[in-house]
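The sequence and structure are shown first, and the description follows.

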Amino acid sequence: MRGWYLLMGLLAALALVTLAGCKEEAPKSELDIFIEHMDNLPAGEQADTLATLAAGTGRPAAWANYILGNRLYAAAADSAVIGGWSTPVVTALLEESEGYLTAAIERDSTFVEALVNLGSLWDDRSEVVGPRAQRDRNLAQAKHFYEKALAINPRDEKARCNLGGLYLRQRKIMEAKQEFTTVLENNPHSALAHYNLAIMFAESKIYREAIAEWELAVKYDPDGDIGQRSSDNIKIVKDLMKTPVPAPGKGLGAKGSAPKGNKSGH
């Protein structure tokens, strides 16, 4: 019964906030409002509410499972920074995250954000050291979920840019470029697409074009994570351009910095 009251109260809050939206700003999605509402709850009440809702049905249950899955995924990513994606702790966190994200999709098969993040999870699993066949299966799973998301919303930037990033790692340059340019055709101000194009150019050592794309990413996301990572990468690439080209047969010595990666989640 307590879960029913929580659900009714939350749905009422969603309706009120949606109706009170400001005309000058893009309205928040119901998912954004739900996450904001959860974040404002005291920690103990928040955990109980999410657990209660996650066990139910419908969109609030899907959103609760999505939040829980994302938190575990974030914990896995933090742990992977230290020990890589192959450690037992990271493996366990990814498995638990996958369960919640899958539950979210089971409750709402059109849940694009959950599909994208599940694709991203499988994408990260491809970084696990192991047989090439396993890596290819993981990438195929990632591609499957990105494409399912795009079948629902062809304009979803994160799904399309992640798919382009997957192609880029497979050295399918033309397919990757097509995904990034498709995003820019729909939204020329997409910092994420400009960032990914820059990664593509940088990996091909076309540094001036990479810098130009990162500068656009900074322009369109001046205060965000993409803008900051773009600024960092511009500095890295400019340092690389100043490095003398080694003589044939001689290496560069100590390994230098590489531009920061390109995958994104919701």
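## Two helices at an angle

Helices H2 and H3 are oblique to each other. In this predicted model, helix H2 covers residues 30–39 and helix H3 covers residues 43–54, and the two pack at an angle of about 140 degrees. Their axes lie 9 Å apart. An angle over 145 degrees would count as roughly antiparallel, and the angle of about 140 degrees is therefore classed as oblique.

The contact between these helices involves Phe34, Met38 and Asp39 on the H2 side. On the H3 side, the residues are Gln46, Thr49, Leu50 and Leu53.

## The protein as a whole

The protein contains twelve helices and zero strands. Of its 266 residues, 41% are buried. Among contacts between residues at least 6 apart in sequence, 56% join residues that are at least 24 apart.

Helix H9 has 14 residues. From its first C-alpha to its last, H9 reaches 20 Å, close to the 20 Å expected at 1.5 Å a residue. Its buried residues are Ala176, Glu179, Phe180, Thr182, Val183 and Leu184. Helix H8 (157–169) and helix H10 are included in what covers these buried residues.

Pro188 is located in the loop between helix H9 (173–186) and helix H10 (191–203). Where does Pro188 make contact, leaving aside its neighbours within four places in sequence? Its partners are His194 and Tyr220. Tyr220 is 32 residues from Pro188 along the chain, and their C-alpha atoms are separated by 9.6 Å.

Asn233 belongs to helix H12, which covers residues 225–242. Is Asn233 buried or exposed? Asn233 has a relative accessible area of 0% and is therefore buried, as the cut-off for burial is under 20%. Tyr195 is 38 residues from Asn233 along the chain, with a C-alpha separation of 9.8 Å.

The two residue pairs described above are set out in the table.

| Residue pair | Separation along the chain | C-alpha separation |
|---|---|---|
| Pro188 and Tyr220 | 32 residues | 9.6 Å |
| Asn233 and Tyr195 | 38 residues | 9.8 Å |

Conventions
Residues numbered from 1 in each chain as written. Predicted model: local features only at pLDDT ≥ 70, side-chain atom pairs only at ≥ 80, totals over all residues. Heavy atoms only, no water. Helix = DSSP H or I, 4+ residues; strand = E, 2+ residues; numbered from the N terminus. Buried < 20%, exposed > 50% of the residue type's maximum accessible area, 1.4 Å probe, protein only. Contact = heavy atoms within 4.5 Å. Axes fitted to C-alpha atoms, helices over the stretch in contact; angles between N-to-C directions. Parallel < 35°, antiparallel > 145°, perpendicular 65-115°, else oblique. Expected span 1.5 Å × (residues − 1).
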